[in-house]
Amino acid sequence: MNILLIGSGGREHALAWKMAASPLVDVVHSTPGNPGMDEVGPCFDVAATDIDKLEQLALQIEPDLIVIGPEAPLALGLSDLLRARGFDVFGPSQAAAQLESSKAFSKGRMVAYGVPTAAYGEFTEPGLAKAFLRKMEAPYVLKADGLAGGKGVVIAATLAEADAAVDEMLAGQFGEASATLVIEEF
């Protein structure tokens, strides 16, 4: 079996190592990979978010299975594109990936379907976010709505810290990921 693994982090490294150990697997190609993954199988210098080049690479090496590790290419619809090209893909569709790529979407789905979750609000305006905070008790949990590389959460111990986090996050602390802010109970 010929596998294309997309990603370069520790999760993808572990996947590459374990898949390569299977007697069913002939080769694990990784992109962009990392030096450790290069020891497992060939790596290609294509960014995990370069959807067009990833499609070209898949057409070039014709893998039997494509495994997408990072959230960003899933949020960009890579799995849908590759499935439409006839590839077998391990990774959710763009619509399903919203559960990870948008905190507001995820919270909205949980509420809509009765899944227990903390009370929350979503904000794009600092004044409204700060007014919401004043209805809560510390600690305060503030989350960038979008993907922020695991860095988009602030747990503030005081109202002053929470107010400062609102200003920083909505001012672009986490880029586009924090254009919308989700505040929830601890």
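**Entry 1**

I take axes as lines fitted to C-alpha atoms, for helices over the stretch in contact, with angles from 0 to 180 degrees between N-to-C directions. I note that the model is predicted.

I looked up how helix 8 (residues 126–133) packs with helix 9 (residues 159–170). The angle is about 155°, and the axes lie 10 Å apart. Angles over 145 degrees count as roughly antiparallel, so helix 8 is roughly antiparallel to helix 9. I then checked the hand of the crossing of these helices, and it is right-handed.

Next I listed who makes the contact. Helix 8 brings Pro126, Ala129, Lys130 and Leu133. Helix 9 brings Leu159, Ala162, Asp163, Val166, Asp167 and Leu170. I sorted the residues of this contact: seven are nonpolar, three are charged and none is polar.

**Entry 2: strand 6**

I moved on to strand 6 (residues 140–144). Five of its five residues are buried, so the strand is largely enclosed by the rest of the structure.

Which way do the residues point? I found Tyr140, Leu142 and Ala144 on one side of strand 6, with Val141 and Lys143 pointing the other way. In a regular strand the side chains alternate between the two faces of the sheet. Lys143 is buried along with the others.

**Entry 3: partners of strand 6**

I looked up the pairing. Strand 7 (residues 153–156) runs antiparallel to strand 6, and four bridges join them. Leu142 has Val154 as its bridge partner in strand 7.

Strand 8 (residues 181–185) is also antiparallel to strand 6, joined by five bridges. There, I found Leu181 of strand 8 opposite Ala144.

Terms used. Residues numbered from 1 in each chain as written. Predicted model: local features only at pLDDT ≥ 70, side-chain atom pairs only at ≥ 80, totals over all residues. Heavy atoms only, no water. Helix = DSSP H or I, 4+ residues; strand = E, 2+ residues; numbered from the N terminus. Parallel < 35°, antiparallel > 145°, perpendicular 65-115°, else oblique. Left-handed = near helix turned anticlockwise from the far one by under 90°. Contact = heavy atoms within 4.5 Å. Nonpolar A, V, L, I, M, F, W, Y, C, P; charged D, E, K, R; others polar. Buried < 20%, exposed > 50% of the residue type's maximum accessible area, 1.4 Å probe, protein only. Pairing = 2+ DSSP bridges.
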